[in-house]
Amino acid sequence: MSPLEILLGRERLLLAVALSLSAIGLLTWLTMPRQEDPRLPELWGQVVVSWPGADALDLERLVVEPIEDALAEVEELKRIEVQVRAEVTSMELELRGDITDTDRAWDEVEDALAEAQREFPPGVETPVLNRDIQDVEAVLLAIGGSDDLIHLADVAEDLRERLLKLSLVKRVTVIGDPGDQVTVALEESVARRYGLTLQAVAAQLTGQNRAAPGGSIVIGEKQVTLRPQNEFTSLAELATIPIRLPTGTTLPLSQIAQISRTPVTPPSQRMRVHGQPVVGLGVVPRNGINSVEFGRQVRQAIAEGAPHYLPLTVQELNFQPDQVAARINGLQHSLLSATLVVGLVLLVTMGPRLGLLVAAGVPLVMLSAILLYALGGGVLHQMSVAALVISLGILVDNGIVVAEGIQSRLNEGMGAAAAALATARELAVPLASATGTTMATFLPMLLSTGPTAAFTSAIPVVVMLTLSLSYLFAMGITPVLARRFLRPAPVAEGRLTHLARAIARLGVGHPWMVLLLAVVALGLSLAGLGQVHQQFFPVSDRNDLLVELKLPEGSHLSAVEPLVTQLEPVLLARPEVTQVASYLGRSVPHFYYNLPQEPHNPHAATLVVTTTNPSTMGELEAWLHPYLADNLPQAEVVIRHIEQGPPVKAPIEVRLHGDDLEELAQAVQQVFAVVATTPGTRDARHNLGVGVPTLRIIPHDATAATLGLDRGAVADTLYARSRGLLAGYYRAGDEPVPILVRPAAGEQMTVEQLRGITLFNAAGDAIPLAQVATLEPDWQPALITRRARERVVTISAQLAGGVAFSEVLAQLKPRLATLQLPTGVHLSYGGDAEGAGEANAALVSTMPLGAVALIAILIAQFNSFRRVALVLLTIPLAAAGIVPGLLLGQQPFGFMSLLGVFALAGVVVNNAIVLIDRVEQARVAGGGVVEALQGAVVERFRPILLTSITTVAGLLPLALTPSPLWPPMAWAMISGLTASTALTLLVVPALYRLLFAPRRPPQEATAPL
């Protein structure tokens, strides 16, 4: 007995295994981790380095360049982008897309940062690497109801501690944290009268606020610890601390200074909701969990804590678990609808018994695939669920062919067991080849690397799992079920048979005419390609609009806040707006997986405007542009939708590379003028700051030395006067709060007041700053950006509604090519062009592997180069229908459409293999080429047609879904499959006849069937 015969003889075992896998798969479906979108790999990180008091040029030269030198030795790094501002630099790092062990790669980055730190000058803080930049703050909360930011921050910290106790919470970040400091503001006139200096007061406070052990003593048999009360426990205690005067007497601190607990100054970031100040929390879930359960836990914790915070309020700004539930439920509905439609198609076209037999395999295969996917660490998100919808129509192909073959043998009088075994033997190899070739077309998607490939990686995994199981079930379960339920049926030629005979006569009898028509159809389709818009990834269907406001680089946060407070009430008055959340001095929280992060952006603010539904966003945006131009002309404004796919900062980006800032400034003006006037662009901007005013303090070294001062004393005094001196920590609460001693004026000084600052030498002599230094105005770069270890300026633009990036670039590139840029400046492109290029290149680079696998399977099946070439020629036939479908559905061609083309190629090859295999069997049995071709078309017509119909039916829910992500792929497959099915049934027989029977007599071409 053959292995196949032994296997089919164990029907109870086969059914038990299939039902068990399906039952466990159903349980897995209900319990497996859920999230809205795939988690992008840990390829991105961010480094922040602070150097208080330093300007951008010094930071670039003494901090950034040593770090770049050290990171150059980390081979896993692909890209380093740097932003340098006064006192702080942030670096965006990206690993190569083919890196799998990202933890080891980031460890090497940390080692390189530690190496670079050895070269830093004194005062530079330790570089901070954030390797969890891909973590999504799935729940955003706002604590409001008071203007006291310190009180709001205290409540936020309490709620943060409560949330961190949840098992599914990984991290909770504080947003808009005002910071906390105790300010000892000296009254300068009083301090001068008593001969006190900032340094003297700070030193005395530090000495009396020093945590120090007191040792221990032994009393009896017990050791008793001595705890000296050295630290301040209240502001009232701090106010009574005696300050020793030069005369030897003392005064309480409250008589010479105002003492208060305030937010950190200068402020670094703020957050507002509905026009009121708030402090926010971003809750990050652990990886690989059920987001819906995570959301339930978070809401329960908030409900338990909220009564303790009254009258303060805790408001949900964004709750991604609800988004996850809605997204998965929507796709589950599409999957269920597609399953029912496919089952109905099978019942109508194949009859009750045969239709039910094939339809029964659908849930068995899909639930078993889900089980295997979950065992491999798979997560349920929109990509994995949509992959099930995509594979739904394809997976019935094997079952249809096997069931049709068994029914045909039953109709010829063969017994049920013999018919099942004979059909399984006949189709085992050709269906294995057809399944293998279909999987081979998904192989490039599976092996491709990079963020885009990672985002869509669940599609090839799920489809290939489903196809593999569909073959195994077709070879094992379908024959077993057919043996029990199928019965011989009278053979009657229906309309499908008559149509199949007509198509066979046309394809075989008029091969040259058929080929000419196919070429014409293909040519017309390709001619329409220029009418299809190109779009890397579509925008999301979220109802959030991002309004970015930027003042010139170097602007203070206090200048940004009035713009926000002016815009908020206007937006809230709009009927379509339900919520406005404003983030000042930083980018928006990472509440969506691909939002770019800028932790330090003091001159900017972003408003997240939530509307009633996505359809109202276009109207709001159309109103916003002219309103902002008229009412906030001083601000650079960018209005963005939340987009899908890997992060891209702007769809249009032109980069200018060079070292000389003056040359870059000249080039920017030229390029910006072209970008801003190119049709299809809006919100054009560049990141070359106009610079910031600087007062250079030029010391008179000889005079200073005579008076007992040096440059360090001057710098220390200036910093103490403007920012304050640290005098220990106030530890009355859970967290230590810095105590800063400074003059009451702080940063609020005029230039004349600055000249009159008093310096003190070691002898205590008072010396005016003007006596030992000169103040010279200067202009320093506000922002320096670097990429690939050279300076770069980026000119960016958004796209006008309905315009594709390819259309804009087609006009922009020729215009830029005519510019005469300075000698030291060269140009490159980023944005969607770069993202699409990298994604397509990664996909194309793996295509040879898919092609080798495909050709190897075909050669093993047919052992003929001509037959392999014939099958491969059917792949371009799919292109004849893709373009009309995209035009009809008004869909762009992008990465998702490209994935549809790959999936479509697999179905087309599958159909061709099944058809040619039947021809070969007929010829082996002694039939002529023409008779074999005509018989094969008639016999395989219904399985091929049903596969196409069920695939189209399964894709219709995706094509009609309101989500903009799936229609491009679905329409490309639907239209391409429709056209290629018709062409395959005509062109494959025509080509076969020309290749294998080119000189047959004319009468044979019209021989009766």
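The axes of helix α10 (residues 320-350) and helix α11 (residues 352-375) approach within 7 Å and cross at roughly 155°. Here, axes are lines fitted to C-alpha atoms, for helices over the stretch in contact, and angles run from 0 to 180 degrees between N-to-C directions. Helices (H or I, at least four residues) and strands (E, at least two) are DSSP runs numbered from the N terminus. The model is predicted: local features need pLDDT of at least 70 and side-chain atom pairs count only at pLDDT 80 or more, whereas totals for chains, interfaces and linings use all residues. Residues are numbered from 1 along each chain as its sequence is written, and side-chain values use heavy atoms, with hydrogens and water left out.

Helices α10 and α11 are therefore roughly antiparallel to each other, the classes being roughly parallel under 35 degrees, roughly antiparallel over 145, roughly perpendicular from 65 to 115, and oblique for the rest. Their crossing is right-handed; a crossing has this hand if the near helix is turned clockwise from the far one by less than a right angle, and is left-handed if anticlockwise. Contact (heavy atoms within 4.5 Å) involves Leu 335, Thr 339, Gly 343, Leu 346, Leu 347 and Met 350 of α10, which meet residues of α11 including Pro 352, Leu 356, Val 362 and Met 366. By class, this contact has 11 nonpolar, three polar and no charged residues, where Ala, Val, Leu, Ile, Met, Phe, Trp, Tyr, Cys and Pro count as nonpolar, Asp, Glu, Lys and Arg as charged, and the others, Gly among them, as polar.

Helix α17 (residues 511-527) and helix α28 (residues 879-888) pack at an angle of about 40°, with their axes 8 Å apart. The crossing of α17 and α28 is left-handed. Ala 521, Leu 522 and Ser 525 in α17 meet Ala 879, Ala 880, Gly 881, Val 883 and Pro 884 in α28.

The protein as a whole contains 32 helices and 30 strands, and its C-alpha atoms fill a box of roughly 125 × 85 × 55 Å along the principal axes. Of its 1009 residues, 54% count as buried, that is, under 20% relative accessible area, with exposed over 50% and partly exposed in between (1.4 Å probe, protein chains only). The largest nonpolar core has 223 residues, and Ile 459 and Trp 966 have the most contacts inside it; such a core is a set of buried Ala, Val, Leu, Ile, Met, Phe, Trp, Tyr and Cys residues joined through side-chain atoms within 4.5 Å. Beyond four places in sequence, Trp 966 touches Leu 331, Gln 382, Met 383, Ala 386, Ile 459, Met 896, Leu 958 and Thr 961.

Ser 963 lies in the loop between α30 (929-959) and α31 (967-996) and is buried, with a relative accessible area of 4%. Leaving aside neighbours within four places in sequence, Ser 963 is in contact with Arg 327, Gln 382 and Asp 541. Asn 911, in helix α29 (residues 895-924), counts as buried at 2% relative accessibility. With neighbours within four places in sequence again set aside, Asn 911 contacts Ile 944, Ser 948, Thr 981 and Thr 984. Leu 443, in helix α13 (residues 416-447), is buried with a relative accessible area of 19%. Not counting residues up to four places away in sequence, Leu 443 touches Met 464, Leu 849, Gly 850 and Ala 853.
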